[in-house]
Amino acid sequence: MAKVRTAADAPMAPEEALKLLKEGNTRFINGAPKNTRTNEAMRQQLVDQGQAPHTAIIGCADSRCPLETVFDSLPGDLFVLRNAGNTCTHAEGSMVGSLEFCTGKLGARMILVLGHTKCGAVYGATNAYLQAKKDEVTSVNSALEGLLLDLAPVAEKAMSDMGANTDAEEIAAHAVKVNVFHTIDFLLKYSAPIREKVKSGQVEIQGAVYHLDTGKVAFMGRSPQQAELLSSNLGLPPSMTREGGRTAGYGPSARGEHGVRTTVDSAVPAEEALKLLKAGNERFAVGAPLAKHATSKMREALVSHGQAPHTAIMGCADSRVPVDTVFDAMPGDLFVLRNAGNTCTHAEGSMVGSLEFCCGKLGSKLILVLGHTQCGAIAGATKTYLASKDGGSSKSAGSALEGLLVGLSKVAHQAEDELGVGADADRLISHSVKVNVFTSIDFLLKYSQPLRDLVKSGSLEIQGGIYHLETGRVEFMGRSPKQAQLLAADSSLPPSLQALPIRTTTDGPMPPKEAMKLLKEGNDRFVVGAAISGKISSDMRKALVKEGQAPHTAIIGCADSRAPLETVFDAMPGDIFVLRNAGNTCTHSEGSMVGSLEFCLGALNTKMVMVLGHTACGAIKGATATYLASKTGNKPQVTKALDALLVGLSDVAKKASEKLGPSATEAEIVATTIKLNVFHTIDFLLQYSPLIREKVAAGEVEIQGGIYNLESGRVEFLGESPNQASLVKSGAALPPSLA
């Protein structure tokens, strides 16, 4: 019985190892193997003394037969590595490292790369390559497809050797041989230890093809490129350094001159940058990433030469994975900005300014706004929006997070408009993610003149995408549907960077509709926590003194409203002429309220008056309680001014109760009284002020009502009093207390 090889035996010369392989294969073909039996002593020898294989073989997992059987070898004779396609295309570090271990530590002096006929991997790669050339489209949906894609250079060379008109079957058959030498060439190119051993004659690398039908191994000798490749000075496979990148086949393009992109590399056009993103995401999705390590030299290059990212990405902080990882990018490839909701709603100056820096200073030609499925910020904003629809149940911006959600709730509103009322919450959230991506793109186009100019000139692309957490794939959505429209419009600074001007008498009176527009815009900013009215200089204050104020709106508000009315409307000093008392009423001291308004409309030339109530009004609650008590026979005792105020307002509560009917609860009466009281005050002004009445009748002044919601911060604008048309014809001249 033959003896097993162990570490006690001397290394076997390559020619002797090759002779053993050929003899063993002959016995296999003839059906006369002699090394089919082992015993306990043999196995114990391999344990005690260690193996000393005479040959290392890279074979194919699809070869249908153990390679030890094909060569009729004993345990320990061969060091066998197998994968689909007997290749180093994927996991090359593992294959090369294993061979370096075998030829170094174990002393093997012969390496055989063994392909086989009808190889599924090579035939598949050939067909994929030919189809890709025909369709001009390549997609990778699995690790197997990624492997086939990376074998494309083999199919490309086979077709070049055979001619473009050769049958696909013949090209694939030839590709099996080409692939054997392709793997040998890889080993010689990327393994310094193996290369040095081959140079010195210590190790021999040859190729062969195993014929499935006959069992015969056709030995093909050395690679035709061996002499040339022995002069290579590369030391590690590409996936272990990324230096050299990919340049063959139809896979990803090579990295920069230093292995990472720096300013010494030319700018990447937007179309090419998008291809890099798509290719990188495919590798990430199929689990075949290449961006594993950045060397110290790469990092030094980024410092000394500076970065030149091909793409700027505005992503979401909730996406669960680094954006660079999603696109299998190297340091310096991407300029990444992230916040909750990939939005410009808050701190937009920071986001817009950063992108202007990247595209202007660093030369990036592509911006990608990247949302993702299951986005917590969008889900929260959608719930905030749905709650606000129920009336008063939405939260105010009591924290920065709540302010962010309120700001994003407009996205959910738009999504519902597009889907239609009644869409379920999950579908609404999913569509809101998409709407939000385009909303952020539109913000950039609207508020950044530098980015607009670059897009107009064709030097920049801004596109959107959604990263699917479930699959790892990015859905690329292209440009915003509104891009052409937004590029044609005027741009301005982001809201947070805008500074409101001070109004003085030099500005002239503001029409009511324009004043109302300012009130609504200011309240919107207040609600989302994006106020811009705080930037006040000494020159502004001096101008109000020297030139005088010119308020665009006069407001009668309630002293119980918990917030300055200037704050509620994000107004600058001098914008609003504010009058406040408990209950926003003219019931008591009406001469003071009416006289003050007449001064504002006459002397200051203000054209807009608003009477502003608010939810949970203490004065109205007290008046309602006073009215309900009087219904039970408890006549109110007027012993102080407050009692008189509540009694005066109880008439409004009575009207509310009568309007609602006997089944109304006290809370319902209070809510209705708040609204009726606003119109009650408007009616008082129209009835008892000839000056106000005449200006309204002439169309010079408008008087409207509103209710400030303490919880949400939002003002519900109620419009004119239903009684205005009849009251402007009133003949009363003075308030009752002055008559």
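The model is predicted, so local features need pLDDT of at least 70 and side-chain atom pairs count only at pLDDT 80 or more, whereas totals for chains, interfaces and linings use all residues. Residues are numbered from 1 along each chain as its sequence is written, and side-chain values use heavy atoms, with hydrogens and water left out.

Q: How many aromatic pairs does a search of the whole structure find?
A: The search finds eleven. Rings of Phe, Tyr and Trp (its six-membered ring) pair if their centres lie within 6.5 Å; planes under 30 degrees apart count as stacked, over 60 as edge-to-face and the rest as tilted.

Q: Why is the aromatic pair of Phe 79 and Phe 101 called tilted?
A: The centres are 6.2 Å apart and the planes stand at 50 degrees.

Q: Why is Phe 79 called buried?
A: Buried means under 20% relative accessible area, exposed over 50%, and partly exposed in between (1.4 Å probe, protein chains only). Phe 79 has 13% and is therefore buried. Phe 101 has 40% and is therefore partly exposed.

Q: How do you know that the pair of Phe 526 and Tyr 708 is tilted?
A: Their ring centres are 6.4 Å apart and their planes are at 50 degrees, so the pair is tilted. The pair links distant parts of the chain, with Phe 526 in helix α21 (residues 512-527) and Tyr 708 in strand β14 (residues 702-708), 182 residues apart. Phe 526 has a relative accessible area of 23% and is therefore partly exposed, while Tyr 708 has 5% and is therefore buried.

Q: What makes Lys 22 a charge over the ring of Phe 219?
A: A charge sits over a ring if NZ of Lys or CZ of Arg is within 6 Å of the ring centre and within 35 degrees of the ring normal. Lys 22 lies over the face of Phe 219, at 5.4 Å from the ring centre. Likewise, the charged end of Lys 278 sits over the ring of Phe 476, 5.5 Å from its centre.

Q: How do you know that Cys 358 is in no disulfide?
A: A disulfide is a pair of cysteine sulfur atoms within 2.5 Å. The nearest cysteine sulfur to Cys 358, that of Cys 359, is 5.1 Å away, and the structure holds zero disulfides. With 0% relative accessibility, Cys 358 is therefore buried; Cys 65, with 12%, is buried as well.

Q: Why are α25 and α27 called oblique to each other?
A: Helix α25 (residues 618-631) and helix α27 (residues 666-688) pack at an angle of about 120 degrees, with their axes 9 Å apart. Angles under 35 degrees count as roughly parallel, over 145 as roughly antiparallel, 65 to 115 as roughly perpendicular and the rest as oblique. The two helices are therefore oblique.

Q: What makes the phi of Arg 320 worth noting?
A: Its phi is near 70 degrees, a positive value in a residue other than glycine. Most residues other than glycine have a negative phi. Arg 320 is in the loop between β6 (311-316) and α14 (323-326), and its relative accessible area of 56% makes it exposed.

Q: Is Asn 342 buried or exposed?
A: Asn 342 has a relative accessible area of 1% and is therefore buried. Its place is in the loop between β7 (334-339) and α15 (348-360), and its phi, near 35 degrees, is positive.

Key: Helices (H or I, at least four residues) and strands (E, at least two) are DSSP runs, numbered from the N terminus. Axes are lines fitted to C-alpha atoms, for helices over the stretch in contact, and angles run from 0 to 180 degrees between N-to-C directions.
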